[in-house]
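Colleague: I would like to go through this chain with you. Shall we look at the model together?

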Amino acid sequence: MSTQEKSEDPTQQAREGACEHSADQLRYWLALLHTPGLGSRGINRLLGVTGGNPQPLFSTQHPAHKGLKQASIDWLRDPDWDRVEQDLRWQEGGNRAILTLADGRYPTLLKELEDPPPLLFVQGDPAILDMPQLAIVGSRNPTPSGRQTAQEFARFLSQAGLVITSGLAAGIDGAAHRGALQGSTPTLAVTGTGLDRVYPARHRDLAHQIAEQGALVSELPPGTPPLPANFPRRNRIISGLSVGTLVVEAARQSGSLITARLATEQGREVFAIPGSIHNPLARGCHALIRQGAKLVETADDILEELAPLLGAQLERTEPVSTVKAEPEARLWDQEYQQLMAALDFDPTPVDLLIERSGLTADAVSSMLLLLELEGFVSAAPGGRYCRTGKMGTEPP
């Protein structure tokens, strides 16, 4: 690579400059981040012109200003330093860090993107960002079995040494983070807001737990609200940090499929869990499988695919040949056998269960309640029920 080519590649320069910034240096990075009309691509282009150093851009006249919007030029000539100071004060809160592309702590995989985030705000341990990661994503409104599957896969894969990375969203994201917190490896949440905000708000306690046992990450400065446009861009960071992306449940039009597409474009592995042809949330996964994603039935399917990439970094601390540990067998009487035979893994209306089983409505209702309490059955919206992975045995 020539000297000229190096000067136009801030990512390469960042790899070579393993250092943390002084507060004065960091001010210019933050001021560049706040420049209107740029975005990560525009910022990286300007850094290529200046050899990876943002400070020369903040002058009355600079050749790199040519072609910029007037609002961008005005800002570079006279930034609002008060906004920069607000970011620096956030970092002083403890257990927080601001990483730039020139910081040695910036995650290696993320630098490989065409438009890596110029800065990352981290609450938690920045070292986690360079650990081997698997993204788990899916529907915000999953089926009960989908939620359970995400949580169990996350726990097993965390036990195997993978950081589980997701987006802190409702549904599959939250289940994946909770499962990882039950494992032995930290979990990482990439947010679509500033780290002084939690979205959705009901995940506030979960976010605090992740920050204590893992890390929260955002390319957006403190104070950034949950704007719709920020979440698709957040997805490129989720896939970019990870060696692979697992999609648990997703409709055909789903943000999870954006993450999977980005993972493919980034040269990362894509995994998908199949489902029933009657489940609309399985259609996105089936589409991914038709496009070449690896069909996953057990955690071993993922570990076997990633083993050549990660080798000794994966640790099998417990058996992972199945998604979850084998349940204790349950001996059913005749009526329970009839009801369990009538149940599917797809949510089934109670009326249909009564018809299939030949039992009375009262009997089916009371038996479903007991089966749900014992974890053999899961309730779905609309008064429907489906089997979980937990199984009983028939009497001899």
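Modeller: Helices, of at least four residues, and strands, of at least two, are DSSP runs numbered from the N terminus. Keep in mind that this is a predicted model.

Colleague: How many helices and strands are there in the chain?

Modeller: The count uses those DSSP runs. It gives 16 helices and 12 strands.

Colleague: What percentage of the residues in the chain is buried?

Modeller: Buried means under 20% relative accessible area. The chain has 396 residues. The buried share of them is 53%.

Colleague: What share of the contacts with a separation of 6 or more comes from residues 24 or more positions apart?

Modeller: Contact here means heavy atoms within 4.5 Å. Take the contacts in the chain with a separation of 6 or more. Residues 24 or more positions apart account for 69%.

Colleague: How are H14 and H16 oriented to each other, parallel or perpendicular?

Modeller: H14 covers residues 334–342, and H16 covers residues 361–373. Their axes are 11 Å apart, at an angle of about 80°. An angle from 65 to 115 degrees counts as roughly perpendicular. H14 and H16 are therefore roughly perpendicular.

Colleague: How many nonpolar residues are in the contact of H14 with H16?

Modeller: H14 brings Glu335, Tyr336, Leu339 and Met340. H16 brings Val364, Met367, Leu368, Leu370 and Leu371. The contact has no polar and 1 charged residues, and the nonpolar count is 8.

Colleague: Turn to Glu219. Is Glu219 buried or exposed?

Modeller: Glu219 sits in the loop between strand S6 and helix H10. Its relative accessibility is 12%. The cut-off for burial is under 20%. Glu219 therefore counts as buried.

Colleague: Which side chain is joined to that of Glu219 by a polar contact of 2.8 Å?

Modeller: Beyond four places in sequence, Glu219 touches Leu33, Pro117, Leu119, Phe121, Arg233, Arg236 and Ile237. The 2.8 Å polar contact joins the side chain of Glu219 to that of Arg236.

Colleague: Which backbone oxygen lies 3.0 Å from a polar atom of the Arg236 side chain?

Modeller: Arg236 is in helix H10 and counts as buried at 5% relative accessibility. Its contacts beyond four places in sequence include Asp115, Glu219 and Gln266. The backbone oxygen at 3.0 Å belongs to Arg233.

Colleague: Which strands and helices do the buried residues of H11 pack against?

Modeller: H11 runs over residues 255–265. Its buried residues are Ser256, Leu257, Thr259, Ala260, Leu262 and Ala263. They pack against S3, H10, S7, S8 and H12.

Colleague: At the start of H11, which backbone nitrogen does a side-chain oxygen of Ser254 reach?

Modeller: Beyond the other end, H11 is followed by Gly267, with a positive phi near 80°. At the start, the Ser254 oxygen reaches to within 3.1 Å of a backbone nitrogen. That nitrogen belongs to Ser256.

Colleague: Which backbone nitrogen does the side chain of Asp103 reach?

Modeller: Asp103 lies in the loop between S1 and S2. It is buried, with a relative accessible area of 1%. Its side chain reaches, at 2.8 Å, the backbone nitrogen of Arg105.

Colleague: Now backbone geometry. Is the peptide bond from Tyr199 to Pro200 cis or trans?

Modeller: Most peptide bonds are trans. Pro200 is in the loop between S5 and H9. With omega near 0°, the bond from Tyr199 to Pro200 is cis.

Colleague: What is the phi of Leu168?

Modeller: Most residues other than glycine have a negative phi. Leu168 is in the loop between S4 and H8, and is buried, with a relative accessible area of 2%. Its phi is positive, near 65°.

Technical notes. Residues numbered from 1 in each chain as written. Predicted model: local features only at pLDDT ≥ 70, side-chain atom pairs only at ≥ 80, totals over all residues. Heavy atoms only, no water. Buried < 20%, exposed > 50% of the residue type's maximum accessible area, 1.4 Å probe, protein only. Polar contact = N/O pair within 3.5 Å; in protein donor to acceptor, adjacent residues only side chain to side chain. Axes fitted to C-alpha atoms, helices over the stretch in contact; angles between N-to-C directions. Parallel < 35°, antiparallel > 145°, perpendicular 65-115°, else oblique. Nonpolar A, V, L, I, M, F, W, Y, C, P; charged D, E, K, R; others polar.
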